[in-house]
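Hi,

Here is the structure I promised to pass on. Have a look at it first, and then read on for what turned up in it.

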Amino acid sequence: MSRNKYPEQTLEKILDVSTKLFIEKGYEQTSIQDILNSLSLSKGGLYHHFKSKEEILEAVMQRRAQYIADMLEELIKSVKAENAKEKLKKILYHLSTDARTHMLNSVLTSQVSNPYFVVGGLKTVVNMDAQIIGRLIEEGVKEGSLQIEQPVLCAEIFLLLLNFWINPALFGRNYEETEKRLNYLQSILCTLGLDIVDKAFIDNVMSGYKKMGAFEEGV
């Protein structure tokens, strides 16, 4: 039997196809056989990289986390604004409208009852995303566009509330309850000196949740 000369390409194809199927069919409804059929790959070829569907999902989530971290770094370098505060607002707006982020988040929505993946998401927010956003807040403090005593801690609070406390799928909330919490988050951030959330951002977040089907069914 010939050996796969391009294992990294095969790994990426598995993740690409699996992500597509998880989004289209849902994680629970996607079988290993579905993935194999879409790839025209043998079970041995798949199990060389992943031992289970859960391992594939974990890799998909890790790739999502890296995608967002890389995008944040790139946006910080490329986005033009008069100061760090305005740059942060533009970056948040971009994230809230990024189609690929919304698609990948729909995979996460199916796993809100799985504590393993929820805890993994919490760690990613604190250890990766908040560190990147925190550096930009620090820049704003130095130049005077933001007044924050603990930039990184503030970034952690903001992202944890935004990604988890606000998440309607995690708590089975409807549209109105979620919007109420986003508006309250806006007032909390203003109190902390981080007034970076506006109506356009809130509308985009709500629209993203709606597209993902994250609201409690029937509301």
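Before anything else, one term: a residue is called buried when its relative accessible area is under 20%, exposed when that area is over 50%, and partly exposed in between. With that in hand, take helix 2, where the buried residues are Ile32, Asp34, Ile35, Leu36 and Leu39. Their cover includes helix 1 (7-25), helix 3 and helix 4. Please keep in mind that this is a predicted model.

**The whole chain**

The chain has eleven helices and zero strands. Of its 219 residues, 46% are buried. The C-alpha trace spans about 65 × 45 × 25 Å along its principal axes. If you take the contacts between residues at least 6 apart in sequence, 67% of them join residues at least 24 apart.

**Just after helix 2**

Go back to helix 2 for a moment and step off its end. Just after this helix comes Ser40, with a positive phi of about 55°. As background, most residues other than glycine have a negative phi. Ser40 sits in the loop between helix 2 (32-39) and helix 3 (43-47). Is Ser40 buried or exposed? Its relative accessible area is 68%, so Ser40 counts as exposed.

Nonpolar side chains tend to be buried together in soluble globular proteins. Here, the largest nonpolar core has 45 residues, and those with the most contacts inside it include Leu88, Ile137, Phe158 and Leu194. Which helices supply at least two residues each to this core? They are helix 4 (53-78), helix 5 (84-97), helix 7 (115-143), helix 8 (151-165), helix 10 (175-192) and helix 11 (199-212). Another core lies apart from it, with 19 residues, among them Ile14, Phe22, Ile56 and Val107.

Leaving out residues up to four places away in sequence, Ile137 touches Leu88, Leu146, Ile148, Pro151, Ala155 and Leu194.

**The largest pocket**

Rolling a probe the size of a water molecule over the atoms shows where empty space is left. In this model the largest pocket holds about 1000 Å³ of space. Its lining has 39 residues, and Arg64, Ile68, Asn105, Leu108 and Asn163 lie nearest the centre. Helix 4, helix 5, helix 6 (99-109), helix 7, helix 8 and helix 11 each give two or more residues to that lining. Which helix gives the largest share? That is helix 7, with eleven residues. Sorted by class, the lining has 22 nonpolar, 13 polar and four charged residues.

Ser110 and Gln111 are worth a look together. Ser110 lies in the loop between helix 6 and helix 7, and Gln111 has its place in the loop between helix 6 and helix 7 too. Ser110 is partly exposed, with a relative accessible area of 32%, whereas Gln111 counts as buried at 5%.

What does Gln111 touch, leaving aside neighbours within four places in sequence? Its contacts are Tyr27, Glu28, Leu57, Phe117 and Val118. Gln111 and Glu28 are 83 residues apart in sequence, yet their C-alpha atoms are 9.3 Å apart in space. For Ser110 and Ala84 the figures are 26 residues in sequence and 35 Å from C-alpha to C-alpha.

**Two buried polar side chains**

Ser96 is in helix 5. With a relative accessibility of 7%, under the 20% cut-off, Ser96 counts as buried. A polar atom of the Ser96 side chain lies 2.8 Å from the backbone oxygen of Tyr93. Beyond residues up to four places away in sequence, Ser96 touches His102, Phe201, Asn204 and Val205.

Asn167 is found in the loop between helix 8 and helix 9 (168-171). Its relative accessible area is 14%, so Asn167 is buried. Which backbone atom lies 2.9 Å from a polar atom of the Asn167 side chain? That is the backbone nitrogen of Ala169. Not counting residues up to four places away in sequence, Asn167 touches Leu162, Arg173 and Tyr209.

Happy browsing!

How values were computed
Residues are numbered from 1 along each chain as its sequence is written. This is a predicted model: local features need pLDDT of at least 70, side-chain atom pairs count only at pLDDT 80 or more; totals for chains, interfaces and linings use all residues. Side-chain values use heavy atoms; hydrogens and water are left out. A nonpolar core is a set of buried Ala, Val, Leu, Ile, Met, Phe, Trp, Tyr and Cys residues joined through side-chain atoms within 4.5 Å. Buried means under 20% relative accessible area, exposed over 50%, partly exposed in between (1.4 Å probe, protein chains only). Helices (H or I, at least four residues) and strands (E, at least two) are DSSP runs, numbered from the N terminus. Contact means heavy atoms within 4.5 Å. On a 1 Å grid over the protein atoms alone, a cavity is a set of points where a 1.4 Å probe fits but cannot get out, and a pocket is an open set with protein on both sides within 12 Å along at least five of seven lines; lining residues have an atom within 4 Å of a point. Grid points are joined across faces, edges and corners, and a volume is the space filled by probe spheres set on the points. Ala, Val, Leu, Ile, Met, Phe, Trp, Tyr, Cys and Pro count as nonpolar, Asp, Glu, Lys and Arg as charged, and the others, Gly among them, as polar. A polar contact is a pair of N or O atoms within 3.5 Å; within protein, one must be able to donate a hydrogen and the other to accept it, and residues adjacent in sequence count only if both atoms are side-chain atoms.
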